[in-house]
Amino acid sequence: ETAVQKVLVARAAFPDIVDRLRAHFEVQDNPDDEVWSPEGLRNALQGKVGLVATGSERIDEALLAANPQLKAVCNMAVGYNNIDVAACTARGIVVTNTPDVLTETTADFGFALMMAAARRIAESEHYLRAGKWTKWRYDMFVGPDVHGATLGILGMGRIGQAIARRGAHGFGMKVIYHNRSRLPETTEARCGARYVDKATLLREADHLVIVVPYSPSSHHAIGAVELAQMKRTATLTNIARGGVVDDAALAQALRDGLIAAAGLDVFEGEPQVHPHLLTVPNVVLTPHIASASVATRRAMANLAVDNLIAALGCGPDAGRPPTPVNPEVLKR
Ligand code: 8YV
């Protein structure tokens with residue numbers, strides 16, 4: 001008789017979805033949503049063969065070396081820069097993420113954040129709540145238009161394409177993008193988007209949205225130099241990862257009027273936010289919630305659970321997790 005496999009759910013998650021794991025495994029979950037230190041995670045992982053992570057736990061070689069029994073890491077996020085995938089692959093550990101299920105929800109939020117920045121929704125709401133609205137004025141909270149403007153997208157993956165479609169087909173925007181590689185013409189046509197080099201993107205965008213995955217090569221892809229190349233009337237929105245944008249440089253650019261406004265859902269060192277961003281008025285700040293619709297957060301949790309069940313050889317898809325990041329591990 002084989003022993004029951006033990007798995008760890010790193011953070012609080014929908015209890016009924018966590019229960020799906022209990023049909024196959026002995027589950028340690030974290031209903032109080034304690035945020036473990038690296039050492040706390042290392043200890044909690046002892047004896048576990050599977051892990052459901054949320055995208056913020058660091059899964060590195062030190063953690064793997066301390067837990068050589070680990071077989072699967074299932075991120076409840078599409079981004080997986082928290083995971084050393086090469087180290088996992090070398091150890092035969094399956095890594096999975098949650099693409100597709102969050103694309104449209106995240107694109108909705110990116111668009112909303114861009115519109116909020118352009119049309120000064122947060123800034124004007126604070127003004128109203130503070131009791132400062134004593135009379136109307138013709139030029140109060142004027143900002144750049146969104147419809148008909150040029151939308152620039154850095155990172156044209158699934159979410160970038162979904163944002164492009166919204167801009168081109170819903171708001172009559174001219175859409176330009178920059179990406180590591182150019183998309184096939186048919187995809188460009190479907191998104192109503194045209195490929196440009198990065199300098200053109202920065203120079204021509206009225207609204208620049210960042211949707212590129214974080215990696216050493218995208219670190220500070222938008223910094224002081226890039227911000228200085230943008231229009232002074234432009235907005236910048238980051239729904240990708242903290243670290244793709246240099247937050248200190250952005251705060252300075254907003255303060256100096258190098259760009260008009262920004263919308264940020266992700267931050268370097270989150271949940272800490274750069275103090276200078278907290279004191280500039282023309283930036284909308286949200287706590288990493290772009291994928292937070294009820295249906296999408298449930299779909300992400302269900303997909304992570306489906307992946308873990310399959311990766312550990314259980315359920316109808318045993319051995320074939322639906323969305324692996326390193327499928328080469330499965331062929332061994
Ligand atoms: C997650 C995200 O909510 O999918 C991603 O990459 O950043 C978000 O959708 C976050 O990682 C927590 O799971």
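Me: How are UniProt positions given here?

Reply: UniProt positions follow the numbering used here, feature names are shortened, and annotations may be inferred rather than shown by experiment. In this case an unreviewed UniProt entry lists residues 8-314 as "domain: D-isomer specific 2-hydroxyacid dehydrogenase catalytic". Residues are numbered from 1 along each chain as its sequence is written. The model is predicted: local features need pLDDT of at least 70, side-chain atom pairs count only at pLDDT 80 or more, and totals for chains, interfaces and linings use all residues.

Me: What are the helix and strand percentages over residues 8-314?

Reply: Helices (H or I, at least four residues) and strands (E, at least two) are DSSP runs, numbered from the N terminus. Over residues 8-314, the chain is 38% helix and 14% strand.

Me: In which order do the seven strands of the open sheet stand?

Reply: Two strands pair if DSSP finds at least two bridges between them. Here the order is S8-S7-S6-S9-S10-S11-S12, with parallel pairing. Strand S8 (193-195) and strand S12 (283-285) are the edges, each pairing on one side only.

Me: How many bridges join strand S6 to strand S7?

Reply: Strand S6 (residues 150-154) and strand S7 (residues 174-178) are joined by five bridges. Within this pair, leucine 151 stands opposite valine 175.

Me: Which residues are around the ligand?

Reply: A residue is near a molecule if its C-beta atom, placed from the backbone, lies within 6 Å of it. The residues around the ligand are Thr54, Gly55, Met76, Ala77, Val78, Gly79, Leu102 and Ser291.

Me: Which classes make up that shell?

Reply: Ala, Val, Leu, Ile, Met, Phe, Trp, Tyr, Cys and Pro count as nonpolar, Asp, Glu, Lys and Arg as charged, and the others, Gly among them, as polar. The shell has four nonpolar, four polar and no charged residues.
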